[in-house]
Amino acid sequence: MSGLAMMPDRPLLDVHDISAHYGRVHALKPTNLHVKEGELVTILGPNGAGKSTLLRALTKLTASKGQVLFKGQDISSLPTHALARLGIIMVQEGRGLFGQMSVMENLILGGYTLTGSARDAEQRLDTVFGLFPRLRERTSQVASSLSGGEQQMLAIGRALMANPKLLMLDEPSLGLAPRVAAEIIETLGELNRRGLGILLVEQKAPLALKLAKRVYVISLGEIVAELSAHEIQSHHDLARYYLH
Ligand SMILES: Nc1ncnc2c1ncn2[C@@H]1O[C@H](COP(=O)(O)OP(=O)(O)O)[C@@H](O)[C@H]1O
Ligand SMILES: [Mg+2]
């Protein structure tokens, strides 16, 4: 997350013709996208558009075709855990926490299981607790007893324990009160300002628009528009693409 090695215009993630099927359902048509170093990009689309499939295809949780480059390296054939070791980490929809374990156990174990390394764990804990003071106050609380917002904070905190270079998030605002969702999104903004590349999937346009410099709009398994920060200023433009 250090900004030192950041080269703003270099592609962090470069995706060519990624596609995925569930049996005969072509859930993701050949799709191209990229995320530059230090960029926060949002994928916006309605329910069932293929957003989760795209993130799952990128992280190999779903079988996919196509070419994926990470910092110029072809990672198309690497499995999920190898991608995690490179720093490609996803916070899944539904959060996937260890419900019966404490906040601290989730953080420590989560970071370890994602990357197979506990290196710098204390330093990373400091970072996580700095971003989410509420987690520090609840280190021994069982994860399943946290509020929805706190669970999402924990899921993001756990991902940060794996020292991501590219953080993907699948609808982190899902099921959260607007104020809590805004707080989560604000923290993602802070992480991005610190240099972290972020690929954020959202269904709610206002949240998606708040941070992103660039938005891909996805509908029926394909990207139907790419909007720059400038175009994003006009919600009307976006609505034209989005509300169909
Ligand atoms: N495991 C699965 N098996 C079959 N079809 C699926 C599966 N997961 C998702 N789909 C279908 O793929 C399409 C895209 O789903 P998804 O990627 O979950 O959309 P989103 O995340 O945008 O809501 C939908 O039509 C959905 O019903
Ligand atoms: Mg989804």
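Helices, with at least four residues, and strands, with at least two, are DSSP runs numbered from the N terminus. With that in hand, let us work through some exercises on this predicted model.

**Exercise 1. Find the place of Pro79 and decide whether Pro79 is buried, partly exposed or exposed.**

Step 1: Look for the elements on either side. Pro79 sits in the loop that runs between strand E5 (73–74) and helix H2 (80–86).

Step 2: Turn to accessibility. Buried means under 20% relative accessible area and exposed means over 50%, with partly exposed in between. Pro79 has 39% relative accessibility, so Pro79 counts as partly exposed.

Step 3: Look for a partner along the chain. Thr59 is 20 residues apart from Pro79, and their C-alpha atoms are separated by 7.6 Å.

**Exercise 2. Describe the shell of residues around ligand 1.**

Step 1: List the residues. Around ligand 1 are Tyr22, Ala27, Pro46, Asn47, Gly48, Ala49, Gly50, Lys51, Ser52 and Thr53.

Step 2: The shell divides into four nonpolar residues, five polar ones and one charged.

Step 3: Ask which element gives the most. That is helix H1 (residues 51–58), with three residues.

Step 4: Check the polar atoms. For Thr53, a polar side-chain atom is 2.5 Å from an oxygen atom of the ligand.

**Exercise 3. Work out the surroundings of Thr53.**

Step 1: Thr53 belongs to helix H1, and its relative accessibility of 8% is under 20%, so Thr53 is buried.

Step 2: Find its contacts. With neighbours within four places in sequence set aside, Thr53 is in contact with Ala20, Tyr22, Ala27 and Leu28.

Step 3: Pick out a polar contact. The side chains of Thr53 and Tyr22 make one at 2.8 Å.

Step 4: Leu209 is 156 residues apart from Thr53 in sequence, and the C-alpha atoms are 21 Å apart in space.

**Exercise 4. Name the protein donors of the magnesium ion (ligand 2) and say where they lie in the chain.**

Step 1: Trace them. Ser52 is in helix H1, while Glu93 is in the loop between strand E6 (88–91) and helix H3 (103–115); the pair links distant parts of the chain, 41 residues apart.

Step 2: Judge the accessibility of Glu93. A value of 36% makes Glu93 partly exposed.

**Exercise 5. Is Lys51 buried or exposed, and which residues is Lys51 in contact with?**

Step 1: Lys51 lies in helix H1. Its relative accessible area is 4%, so Lys51 is buried.

Step 2: Follow the side chain. One of its polar atoms lies 2.8 Å from the backbone oxygen of Pro46.

Step 3: Gather contacts beyond four places in sequence. Among them are Ile43, Leu44, Glu171, Val201, Glu202 and Ile218.

**Exercise 6. Locate Ser102 and list what Ser102 touches.**

Step 1: Ser102 is in the loop between E6 and H3, and its relative accessible area of 11% makes Ser102 buried.

Step 2: Not counting residues up to four places away, Ser102 touches Thr139, Ser140, Gln141, Val142 and Ala143.

How values were computed. Residues numbered from 1 in each chain as written. Chains lettered and ligands numbered in written order. Predicted model: local features only at pLDDT ≥ 70, side-chain atom pairs only at ≥ 80, totals over all residues. Heavy atoms only, no water. Near = heavy atom within 4 Å. Polar contact = N/O pair within 3.5 Å; in protein donor to acceptor, adjacent residues only side chain to side chain. Nonpolar A, V, L, I, M, F, W, Y, C, P; charged D, E, K, R; others polar. Donors = N, O, S within 2.8 Å, 3.2 Å for Na, K, Ca; no water. Buried < 20%, exposed > 50% of the residue type's maximum accessible area, 1.4 Å probe, protein only. Contact = heavy atoms within 4.5 Å.
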